[in-house]
Amino acid sequence: MTKTVLENIVQETITSKYFSIIIDSTPDISKVDQLTVAIRYILPDGSPVERFLGFLPSVGHKAKDMELAILHFFSDLGIDRKNCRGQSYDNAQNMSGIYNGLQSRKKSSSTAEFVPCSAHSLNLVGTFVAEETSVSNRVFMTTQSFYIFFSGSTSRWKILENKLYSIPNSTLLKNVCPTRWSSRYFVCKSIKNGYKKIVVALQNISEDVSQRPAVRHKALALFKKIKNLEFTFM
């Protein structure tokens with residue numbers, strides 16, 4: 001099935017002739033780094049499409065190594081890189097650097113204009129603005145400590161799950177993703193919607209004599225943090 005889908009995408013790309021590439025390096029759940037390759041082109045009816053082509057095993061973080069891996073990848077697929085008219089990466093120096101970044105290595109396609117990823121640029125703005133204040137830093141460090149505390153034990157996670165079950169539109173606590181500003185929205189939303197039940201869960205754990213003393217103390221400390229006026233307001 002994978003081969004059939006990929007062959008169809010390649011044929012569409014060859015038919016449309018001109019295309020753009022979107023490439024990013026990302027670790028999978030097992031912490032193995034890999035290069036994600038997507039392609040954008042126009043269908044005969046004039047509609048633009050973006051297609052995922054595949055993952056490339058770790059090729060290193062040097063622009064030269066990534067360039068060679070991408071060239072071999074497109075060559076194996078039978079797609080002519082000379083028809084590439086656009087390239088989009090994140091703002092990392094090895095990707096978007098104007099002198100040594102991947103975007104500058106255009107020997108095979110000198111007409112491939114570079115456009116930095118708008119989503120990543122906006123994400124960086126939100127992240128850096130929030131990190132400018134000690135208050136926002138404290139808030140998100142606290143929200144992360146809630147997630148770590150409950151997710152660190154299946155029994156504690158179950159206690160929280162049972163408490164939140166009765167609340168409409170409530171969601172379990174979310175992990176703060178360091179590279180996606182949008183994750184902070186979902187973190188705040190999960191705490192806002194389930195605030196009262198999270199407070200009760202922490203209080204119950206802190207008063208449960210069957211819990212280890214260290215767990216009870218941690219629960220009490222988090223209970224005080226979540227009841228703090230600054231945190232609640234933020």
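**Exercises on helix packing**

H5 and H7 are among the elements that cover the buried residues of H4. This is a predicted model, where local features need pLDDT of at least 70, side-chain atom pairs count only at pLDDT 80 or more, and totals for chains, interfaces and linings use all residues. Numbering starts from 1 along each chain as its sequence is written, and side-chain values use heavy atoms, without hydrogens and water.

**Exercise 1.** Find which residues of H4 are buried.

*Solution.* Buried means under 20% relative accessible area; exposed means over 50%. Asn123, Gly126, Thr127 and Ala130 are buried. They lie on the same side of H4, because they cover an arc of only 95° around the axis. The arc is taken from the directions from the helix axis to the C-beta atoms. Ser118 and Val129, on the other side of H4, are exposed.

**Exercise 2.** Describe how helix H5 (residues 134-151) packs on helix H6 (residues 154-164).

*Solution.* The angle is about 115°, and the axes are 6 Å apart. H5 is therefore roughly perpendicular to H6 (65 to 115 degrees). Contact means heavy atoms within 4.5 Å. H5 contributes Tyr147, Phe149, Phe150 and Ser151; H6 contributes Arg156, Trp157 and Leu160.

Definitions and conventions: Axes are lines fitted to C-alpha atoms, for helices over the stretch in contact, and angles run from 0 to 180 degrees between N-to-C directions. Helices (H or I, at least four residues) and strands (E, at least two) are DSSP runs, numbered from the N terminus. Angles under 35 degrees count as roughly parallel, over 145 as roughly antiparallel, 65 to 115 as roughly perpendicular and the rest as oblique. Buried means under 20% relative accessible area, exposed over 50%, partly exposed in between (1.4 Å probe, protein chains only).
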